[in-house]
Amino acid sequence: MTNLKDQIVEIAVDQWQVDTPQDDWITAIEAGKILYFPHLPFPLDAAKAANLFTPAVLDPKSRNISLGTDGKLKGAAGDAATQEALTAMVGDFRERAVKLVHGLFPKYAPGLRLAPTSYRPMQVATRVQSWRADDRRMHVDAFPSRPNRGERILRVFINVNPDAESRVWRVGEPFEDIARRFLPRAKPYSAWQAGLLNTLGVTKSLRSEYDHLMLQLHDGMKSDADYQQNGPQLVQPFPSGAVWVCYSDQTPHAVMSGQYMMEQTFHLPTSYLYRPESCPLAILTALAQRALI
Ligand code: SIN
Ligand code: FE
């Protein structure tokens, strides 16, 4: 039996520029664990002065505020000064997240592809959503419209809550256990249906069998009330100021409460991994005993 406490690896560094990466950390994150940094500094004075800690900065039509790789801010409400302050805060976090990931995992550098950086100012506990979109249910990340054919989803999170409210996650069992539990219930892949979804523009490219199975795991977990309540899980609060990093396509997670978080996603082809044999594509391929992409 895995001790779920081992899924969280606390790292005491107090600078975003890590000069001495450790093999243990690399092995841990590529095994689906969370690297948790309680002591990385992030200045909030300018953001507080500009009143960025209110849901009113979010355009009611958007789910998140995001800063594109082109430097354009999306999803924000408020005047020009507010938008400028948001751009500065989110951009500052992006720079630090990039520095952190480059220092921790030097071999990834040439393969990393930056996604937009997001700021999430809504309270999680009271948000109303469909079961499939509800991230309070334990899941691994998989995106219905954006097939990734096994490419990794590496995410850096920071809790910037100004009132010392933690962001409370639940963290689940290792990916292979999830795969063994939910694969037998997965609907079979239909190449014909994948082709149709692509033609209709529902997906941005052809959904591979890997992408199909990842969505089946995501939906299988979220729709199983008994698993949500009684499945292996650990409650993990991330205090205000905390930074944490994980492969969210591999680490089962759920967010129970919290407000004011930023998140940076990186995509990474599996060929850049230190231990490609431990990634979801390798695990699912071994279990299915056939090529999935
Ligand atoms: C998620 O990826 O499920 C969201 C995590 C969070 O909002 O803290
Ligand atoms: Fe998620």
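In which sense, parallel or antiparallel, do β5 and strand β11 pair, and over how many bridges? Select residues 261–268, which form β11: β5 and β11 pair in the antiparallel sense over six bridges. Two strands count as paired if DSSP finds at least two bridges between them, and strands are DSSP runs (E, at least two residues) numbered from the N terminus.

The structure on display is a predicted model, in which local features need pLDDT of at least 70 and side-chain atom pairs count only at pLDDT 80 or more, while totals for chains, interfaces and linings use all residues. Residues are numbered from 1 along each chain as its sequence is written, chains are lettered from A and ligands numbered from 1 in the order in which they are written, and side-chain values use heavy atoms, with hydrogens and water left out.

**The sheet**

Next, select R113, whose bridge partner in β11 is H267. Then select L114, which stands opposite F266 in β11.

Eight strands form an open sheet with mixed pairing, in the order β1-β2-β9-β6-β11-β5-β3-β4. At its edges are β1 (8–10) and β4 (73–74), each of which pairs on one side only. Strands of a sheet pair through backbone hydrogen bonds, either parallel or antiparallel.

**The ligand**

Select ligand 1 and the residues that surround it: R120, D135, H139, D141, R155, R167, W169, H253, V255 and M261. A residue is near a molecule if one of its heavy atoms lies within 4 Å of it. This shell divides into three nonpolar, two polar and five charged residues; Ala, Val, Leu, Ile, Met, Phe, Trp, Tyr, Cys and Pro count as nonpolar, Asp, Glu, Lys and Arg as charged, and the others, Gly among them, as polar.

A polar side-chain atom of R167 lies 2.7 Å from an oxygen atom of ligand 1, and one of H139 lies 3.0 Å from an oxygen atom of ligand 1. In the side chain of H253, an N or O atom is 3.2 Å from an oxygen atom of the ligand. A polar contact is a pair of N or O atoms within 3.5 Å.

Finally, colour β7 (167–172) and β10 (253–257), the elements that give two or more residues to the shell around ligand 1.

Technical notes
Polar contact = N/O pair within 3.5 Å; in protein donor to acceptor, adjacent residues only side chain to side chain. Helix = DSSP H or I, 4+ residues; strand = E, 2+ residues; numbered from the N terminus.
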